[in-house]
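Try each task yourself before you read its solution.

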Amino acid sequence: MTVTVATLGFPRIGPRRELKTALESHWAGRSDAAALLATAADLRARAWARQRDLGADIVPSNDFSLYDQVLDTSVMVGAIPAIHGWKGGPVPLATYFAMARGSQGGPGGGHAHHEGCAHGHAHDGEGAPAAEMTKWFDTNYHYLVPEFAEGQRFALSSTKAVDEFLEARAQGIVTRPVLVGPVTFLKLGKSRTEGFDQRRLLPALLPVYAEMLRRLAAAGAEWVQIDEPCLVLDLDQTDRAALRDAYAALAGAAPGLKLMLATYFGALGDNLATALSLPVHGLHVDLVRAPEQLDAVVAGARPDLVLSLGVIDGRNVWKADLAAILDRVEPVAASGRALILAPSCSLLHTPIDLDRETALDPEIRNWLAFAVQKVAELAVLAKALNQGRDSVRATLEAASAAVGSRRTSPRINDPAVQARARQDDAALAQRGSAFEVRRAVQRDRLGLPAYPTTTIGSFPQTPAVRKARADHDRGAIGDADYEAFLREETARTVRWQEEVGLDVLVHGEFERNDMVQYFGEQLAGFAFTKSAWVQSYGSRCVRPPIIYGDVSRPRPMTVAWWRYAQSLTDRPMKGMLTGPVTILNWSFVRDDQPRSATCRQIAFAIRDEVVDLEKAGAAIIQIDEAALREGLPLRRGEWQAYLDWAVECFRLAASGVADATQIHTHMCYSAFNDIIASIGAMDADVISIETARSRMELLDAFAGYRYPAEIGPGVYDIHSPRVPAVDEMTGLLRAAARRLPADQLWVNPDCGLKTRKWPEVRLAIGNMVAAARAARAAA
Ligand code: GLN
Ligand code: ZN
């Protein structure tokens with residue numbers, strides 16, 4: 001039986017981020033809908049042709065989206081919140097974007113979403129609010145959360161899936177349309193009514209899916225891919241019953257139409273029997289995250305079930321070891337079962353084309369494969385299976401050589417780093433004394449008032465700051481001028497913090513482009529790309545660093561800026577660092593050793609910086625771990641192992657200093673209930689968290705746990721331009737003091753201020769300082 005090649009989805013932003021440009025121009029009112037839709041159609045046409053030319057036999061459609069595939073699904077089924085005033089019929093483009101961005105969004109998104117803050121959009125002013133946004137499983141892609149009302153009705157409200165199928169067919173390509181599966185869709189959504197279980201909406205939803213399937217079949221589709229990544233999560237009996245009901249209904253919806261049920265991001269595990277029992281024609285499994293499931297899947301699958309094997313990593317950037325994949329797949333192919341080879345998941349999560357990275361070091365480049373290269377790898381694998389390995393001998397050997405050189409290259413292997421990471425002296429991850437002892441020494445040294453005030457690190461990245469950086473990047477201004485500009489910006493910010501009366505100051509982070517990139521660029525073992533963009537949400541793309549080798553810190557990274565800033569004031573100046581877990585979670589990570597091993601190396605590098613800051617005289621050092629929570633595995637049973645090594649890495653980074661040095665950490669989210677013991681185990685002296693919008697309720701987790709150290713619960717929601725009044729913040733401080741001893745509390749915003757504007761920041765921080773003073777006076 002011939003083995004074929006499929007992709008489950010392709011990056012849609014365009015090789016030059018054409019979609020981003022077109023969207024932002026449309027949102028800014030500079031181009032009309034027709035221009036946007038023409039760009040979108042052109043991108044689709046090129047992506048289909050590209051995949052076919054690379055050797056994909058099965059090319060997806062409806063994987064494209066103007067914003068997000070989950071939002072597309074909400075629109076397809078007519079789940080439009082009432083506030084948008086939609087009265088049925090096709091959903092207008094303006095309504096679509098209003099759901100995505102709020103009805104008054106500015107260019108590029110009116111919401112201040114920034115790294116680490118995986119919360120809903122802020123809503124500025126009047127009009128309808130945007131849907132909440134959250135991470136798609138454990139990726140850095142964000143989807144718009146479907147919102148259901150009780151008694152929610154559904155109706156087919158978009159023909160996008162059919163239209164795009166026909167569009168591709170006109171181009172001569174019969175695609176396999178992709179739909180987000182009904183069970184995953186419902187599970188990802190939320191309801192405004194507390195306690196409402198949206199899975200109860202399934203019977204109302206299924207007829208809409210059935211109708212869509214009938215229309216696709218009528219348009220000429222032979223297969224439809226239905227994505228149910230919820231099958232790799234912990235499911236309960238209700239979920240499993242929902243899956244059985246859903247596929248019983250969909251299997252009979254359009255006679256002759258075949259369904260490819262796609263699972264990805266992990267092992268089916270205890271859901272394997274459920275997946276194999278569903279009446280579908282094909283099943284896609286992720287063999288990159290879960291290679292071990294191949295045998296069980298093959299053993300349990302009906303003989304006529306088409307298996308789609310996700311053998312190429314859709315989540316990472318490395319060239320595959322093609323021969324090793326063949327070793328595993330050949331026996332299955334020999335058994336005569338119908339097989340499809342595919343990436344582990346949609347290629348949405350990889351950059352598009354390595355050929356555009358002309359500036360990358362050639363040796364590193366030879367280790368990489370982006371979306372385009374990955375499709376070509378699949379074509380080679382299929383040819384080897386269909387015509388024998390000899391037919392692609394040279395390519396297989398080149399792939400093995402590339403993988404082999406990653407094992408031995410001196411660029412990757414640094415024996416000193418490896419030896420250091422192997423040390424298992426428990427004292428390395430242990431501060432000199434217990435928190436109570438450290439606290440007394442630090443109080444003596446710092447002499448801070450009750451309710452000490454500080455900020456999280458960054459101050460507004462104004463257009464002038466961004467322009468100076470861009471000018472410097474393209475060589476229009478020299479190092480000295482850029483440096484002078486940054487010093488001036490820093491000095492002004494330090495002066496202003498003194499004037500407004502903050503107790504613990506920061507330098508403002510003007511020299512940083514991004515809280516991970518800034519460090520990655522200075523660490524050994526990291527590579528940076530010019531155009532390897534990956535969609536984060538909507539038009540927003542990120543360029544994650546690539547960690548390819550052993551990580552070390554050749555020289556201090558932040559000490560000079562800290563020293564300069566501290567020289568301007570007598571108040572304590574915080575040293576500001578990004579923590580090892582966050583650096584790991586926001587990078588493409590090497591796949592030749594466990595993530596924990598890479599994280600441990602980063603931890604030692606950050607530790608060196610912490611020690612150098614202390615030597616330079618810093619009394620307070622903050623190590624941000626904005627992404628610690630989002631690294632949690634999808635399966636609950638794997639949480640503790642992750643938390644254990646993540647906490648250990650933080651402690652390794654933080655524990656090289658004396659008792660008198662105060663270690664802060666910052667996490668910009670609000671859900672701590674289920675990980676509070678690990679947060680406690682980090683043993684930071686002070687933690688700042690996001691609480692303004694939850695009205696301090698999340699402090700209950702800390703209170704219940706009797707969290708011993710100091711806490712700065714955010715009193716200023718920095719995701720909105722709104723300036724909180726003094727009263728409002730004193731109210732929040734009172735609410736905090738009801739939950740925790742007042743002498744444990746700090747006063748700070750929810751997160752960094754880089755996305756805000758100075759006029760708001762001046763007023764809001766002024767009010768925050770006044771609120772702290774009021775709280776002191778009342779104590
Ligand atoms: N120190 C960083 C800042 O203030 C923290 C950012 C974050 O937590 N996402 O910008
Ligand atoms: Zn934050």
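Two strands count as paired if DSSP finds at least two bridges between them. Strands (E, at least two residues) and helices (H or I, at least four) are DSSP runs, numbered from the N terminus. This is a predicted model, in which local features need pLDDT of at least 70 and side-chain atom pairs count only at pLDDT 80 or more, while totals for chains, interfaces and linings use all residues. Residues are numbered from 1 along each chain as its sequence is written, and chains are lettered from A and ligands numbered from 1 in the order in which they are written.

**Exercise 1. Follow the sheet around β12**

Task: Find the order of the strands in the open sheet of 8 strands, then see how β12 is joined to its partners.

Solution: 
- Step 1. The order is β1-β12-β11-β10-β9-β8-β6-β2, and the pairing is parallel.
- Step 2. At the edges stand β1 (4–5) and β2 (60–61); each has a single partner strand, so one side of each is left without a neighbour in the sheet.
- Step 3. Now go to β12. Strand β11 (residues 306–312) is joined to β12 by 5 bridges, and the two run parallel. In this pair, I312 stands opposite P343.
- Step 4. On to β1, which is joined to β12 by 2 bridges, also running parallel. Here T4 stands opposite I340 of β12.
- Step 5. Check how covered β12 (residues 339–343) is: 5 of its 5 residues are buried. Buried means that 20 or more other C-beta atoms lie within 10 Å of the residue's own, exposed means 12 or fewer, and partly exposed is in between, with C-beta atoms placed from the backbone.
- Step 6. Elsewhere in the sheet, strand β8 (residues 223–227) pairs with strand β9 (residues 258–262) in the parallel sense over 5 bridges, and V224 stands opposite L259 in β9.

**Exercise 2. Annotated residues**

Task: Locate the UniProt "binding site" residues, then decide whether L19 is buried or exposed.

Solution: 
- Step 1. The unreviewed entry lists R17, E18, L19, K20, K135, N140, R540, C541, W586 and E630. They are spread over 614 residues of sequence and, in space, up to 29.3 Å between C-alpha atoms. UniProt positions use the numbering given here, feature names are shortened, and annotations may be inferred rather than shown by experiment.
- Step 2. L19 is found in helix α1 (residues 18–27). L19 counts as buried because it has 25 C-beta neighbours inside 10 Å.
- Step 3. K20 also lies in helix α1, but is partly exposed, with 18 other C-beta atoms within 10 Å.
- Step 4. Compare contacts (C-beta atoms, placed from the backbone, within 7 Å). Leaving aside neighbours within four places in sequence, K20 is in contact with I13, S539 and C541, and L19 touches R12, I13, G14, T39, A40 and L43.
- Step 5. For "active site", the unreviewed UniProt entry lists H719. H719 is in the loop between β21 (710–713) and α26 (726–739), and counts as buried, with 24 C-beta neighbours inside 10 Å.

**Exercise 3. The whole chain**

Task: How many helices and strands does the protein chain have, and what is its radius of gyration?

Solution: 
- Step 1. There are 27 helices and 21 strands.
- Step 2. The radius of gyration, taken over C-alpha atoms, is set against a globule rule of 2.2 Å times the number of residues to the power 0.38. For 779 residues a compact globule would be near 28 Å, and the chain's 27 Å agrees.
- Step 3. Buried residues make up 49% of the 779.

Technical notes. Two residues are in contact if their C-beta atoms, placed from the backbone, lie within 7 Å.
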